[in-house]
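Work through the following exercises with the structure open beside you, and try each task before reading its solution.

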Amino acid sequence: MKFIHIADVHWGMNPDNDKPWGRERTQAVKDTLGEVVRQARIREVDLLLVAGDLFHRQPLLRDLKEINYLFSTIPGVKIVLIAGNHDRIRSSSALYSFTWSSNVTWLMDEEFTSVAFADFNTVVTGFSYHSAEITEARLSGFHAPATPGIHILLVHGGDTAHLPLDKKQLSGNGFSYNALGHIHKPELSDDRRWAYPGSPEPLDKTETGPHGMITGEISPTTCQVTSLEFVPLSQVQYIPLVVNVTPATTNGELMDSIKQEIQKRGSENIFRFRIRGMRDPDITFDIKLLESRMRIAEIIDESEPQYDFSRLFAEHPSDMIGFYIRELKKDDMSPIEKKALFYGIDALLQTQDERS
Amino acid sequence: MKLLDLYINGFGKFHDLSITFHDGSNIIYGKNEAGKSTLHTFIRCMLFGLERGRGRASRNDIYSRYEPWGNKAVYGGRLRLKQGGCVYRLERNFAKDHRSFVIVDETHGRKIEPTKAFMDQLLGGLTEVMYSNTISIGQLKSATDSGMVSELKNYIANMNASGSMSLNITRATAFLKNKYREFDRQTVPEAAREFTAILSEIRSLEKEISAPEYENQLPAYQIMRLQVRTLLAEKQEDRETLLQKIAGGRQALAGGQFTDEASILSYQNETERTYREYQVAAAAGNRKSRHVWMVISLLLAVALTGFCGYVLAAGDGNPITAGLGLSLLQSLSCSVGGALLTFLLGFFLLLKGSQLKKEAAMSSKILQEIFSRHLGDSSISEAAMKAFHARMDEFVHLSRVLIRSEAALTEQEAEITTLLERENNCDNAISTQQKTQWELEKKLEHLTQLKDRAESIRRILEENNRLREEMEAIQLALDTMTGLSSSIRSSFGLYLNKAASDLITGITGGIYNSMSVDENLNLFMNTSTRLVPLEQVSSGTMDQIYLALRLAAARLVQPEDKQMPLIFDDSFVLYDDERLRTAMKWLADTYDNQIIIFTCHQREARMMTANHIPYHLISI
């Protein structure tokens, strides 16, 4: 029995909506779901599992129609869905009056319900969120029924406010496979008993690393997962990079090294840079310019001007600079105190009267 | 401390140059461009070193400015000085690849590690900055009075507020405030308010959406409608069947030309009556006596008529009448009368018989028609009549059934109307639901927009926070600077002003008793009678005040036992002869330390000679 497992698609989300590439991201979220469906067709899987948060918010009727159209293009694939905390089923949900394509089963109930597929001897059990949070550990002590055949558990959660669960327990709960959702970063257990596929597309600058779906196969005789694999699908990656600077680094040099890093890792990706190290006190890195030229979600300049405080202090033991350093420079400076130290020294040095 | 001599290997324009200093006053005389500044800088660099590339701007790059004109590998020289009874020789080479610094204690004949600690001790903790601030004394550079006023005021302000003549707190704070404003301009102060507004809009919208009126009841209504429709279809089919049945019944009734039960009964009665009549007529017509009597009557009438003729022919004498004793007339009239009577009776009976026959025929015809219609057989009989009655009873039954069916139909129609109404209600409810769902979708879309907007604003707020952190840091810098500045003013500043004030009488030769600095760092000169603002004193006096301040600062920053030589660099250019004389005399009297005066004039030497002040003249 071959299956694909996805979760946390967040259809309808507009990541980076204040960035020039924002619209592209919105579309990428949709396109990648289309790619998952295409993969389901070409890989001829039996089952497509969607472990919650297919939608970013309560779905509109037209969203359901779009998704249903996609699903209707793979009539040979059985699709089982549950709602997560983001697309939880509210009493006003259009899901209640929506008619899905015949290969689609949405486990709408708030309690565990199952759907059985005789053609590949599989039962999928799961439930949908109807509330924003589930703090009850509903999986502890929950076991697969003793009936023969393949049993799959489809659930959404994993943190304290959303179905707290002990991943170790999942390996021994009798289900052939636990298809999880909610955590946006992919994670596959070593014993192939459970996995988080993560979001097919990264949805935020913090969601770094590869994103995609999980494919797997369960032996109909042993009912054990025989293969489980993460397949990267996302159109882009968010890549965090640290650039180290020295007092010799100039703006142009920094720009070049950032450009090189971007070229090396693919300019379609979206980058976050952290500038670290000591910079020449006379240089301020022109971050805005870099941001407008490339797909850079964020540049955090943590570089510090390299003042030789001990020399400055030695030169100015009894005037403002010396007093100022003595007043602020401590071993356990807060970030603001540190900045204040730099600002003050910079101001004093830059406004010196020329006479000396 | 005393400078003994120096030797320049190479420094700027000089190489292989020896100069020896003496105790007391040394006047180094040289015309403009003779190299006084070079010599001055050499002494400073021998004491404090010369770093490459300090101060990025080339104008400040002392290193390249004083690179030897000749051999660049030999850049430096040596300076001998006496401190605390020991003679030290400082040897330095500043050249890029031959950098070296050697200190030799000549008194004890040993090399000394040139550590910072040793240099600090040697120089009494004096730094290069302090050296420039205090003991190396130039003149006010401005050429105009107003320029001098602001320069002097600036000096006083800097010294008072920052403890250094070059650190300008006013400008530094202005610089910081500018930065602060720049960050402030980048913040979006309305973002927080907008964020709150959007959040509350989101909350109220979410509340609105979760109201029961937006509950999706479409499936419930759809199921209900389906049930109603099924029921309705059933009812309508029943009704159709019933209608057909009724129509059939009606047709059957109409076939019998009946309308209702009454019409059947009256028809039945009528037929019954006709039958009775028929029976009577048929019975009367068939009776034999009637025919006998009619024949007898007619025969009697013929007999009587014959008798009458006989009588008439036989006359009176006929035996019959005669026998009876009747006259002819009597017998004639009797027989005529009898004949007539019997004839009439016979005729009546004949007529009556034919009438009865006719009536019977009529009734029979009616009955035949009735029977043939309802029974298919026209023969009239008691059995037929019985069959007819049975048939009519059937009609009555049919008519009763019809009435019941029609009642049922009315009932059913009422039910159908109710069901139709219910279906209609469902339709309405569904369309209302669809409308509310549509409204809901609009609201959900609006909610999405709001949430996206909130997300953007949240990022703006984050940026605001980042900017605020910078602003907070700047504010802390400003506060720290202001606090330090006021403590510098209330300690070093006060001492400086007081020390300068103490010196001013001597320097001005008693013209001014003292000077005072108010809280706005305005300077006033005091005579015994009035307070003169700085702006009103002459440029010469300003230089004197400057000198007083520099000397006061020099005293304040150096320990009593490690006083460095005072170095004057063209400090007295603006002094008139009288002032110069006063100043020179005062200096010689006040300072027992070494004094080195760089000048491009010969006035100082002349003045000292005239006043019998010993000095050592060095010409370059």
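**Exercise 1.** In this predicted model, find which residues of α5(B) and of α13(B) meet, and describe how the axes of the two helices are placed.

*Solution.* Begin on the side of α5(B), where B:M159, B:N160, B:A161 and B:S162 take part in the contact. Then turn to α13(B), which answers with B:S485, B:I488, B:R489, B:G493 and B:L496. Sorted by class, the residues of this contact are four nonpolar, four polar and one charged. Two packed helices are described by the angle between their axes and the distance between the axes. For helix α5 (residues 145-162) and helix α13 (residues 382-507) of chain B, the axes come within 6 Å and cross at roughly 115 degrees.

**Exercise 2.** Determine which residues of helix α16 of chain B are buried, and explain why they lie on the same side of α16(B).

*Solution.* Helix α16 spans residues 603-610 of chain B, and its buried residues are B:E604, B:M607 and B:M608. An α-helix has 3.6 residues a turn, so residues three or four places apart point the same way. Next, look for what the buried residues pack against, namely β3 (25-29), α15 (577-590), β13 (595-599) and β14 (615-619) of chain B. On the face turned away from the buried side, α16(B) carries the exposed residues B:R606 and B:A610. Finally, follow the chain beyond α16(B) to B:H612, whose phi is positive, near 60 degrees.

**Exercise 3.** Write down the strand order of the open sheet of six strands in chain A, and explain why one side of β5 and of β9 is left without a neighbour.

*Solution.* The order is β5-β6-β7-β8-β10-β9 (chain A), and the pairing is mixed. Because β5 (113-117) and β9 (187-188) of chain A stand at the edges with a single partner strand each, one side of each has no neighbour in the sheet. The pairing of β5(A) with strand β6 (residues 122-126) of chain A is antiparallel and runs over five bridges; within β6(A), A:V124 is the bridge partner of A:V115.

**Exercise 4.** Describe the side of chain A that touches chain B, by its elements and by its residue classes.

*Solution.* Start with the contact as a whole, in which 42 residues of chain A are in contact with 52 residues of chain B. On the side of chain A, α6 (309-315), α7 (320-328) and α8 (335-350) each supply at least two residues, and the largest share, nine residues, comes from α8(A). By class, this side of chain A has 16 nonpolar, 15 polar and 11 charged residues.

Notes:
Residues numbered from 1 in each chain as written. Chains lettered and ligands numbered in written order. Predicted model: local features only at pLDDT ≥ 70, side-chain atom pairs only at ≥ 80, totals over all residues. Contact = placed C-beta atoms within 7 Å. Helix = DSSP H or I, 4+ residues; strand = E, 2+ residues; numbered from the N terminus. Nonpolar A, V, L, I, M, F, W, Y, C, P; charged D, E, K, R; others polar. Pairing = 2+ DSSP bridges. Axes fitted to C-alpha atoms, helices over the stretch in contact; angles between N-to-C directions. Buried ≥ 20, exposed ≤ 12 C-beta atoms within 10 Å, placed from the backbone. Arc of directions from axis to C-beta.
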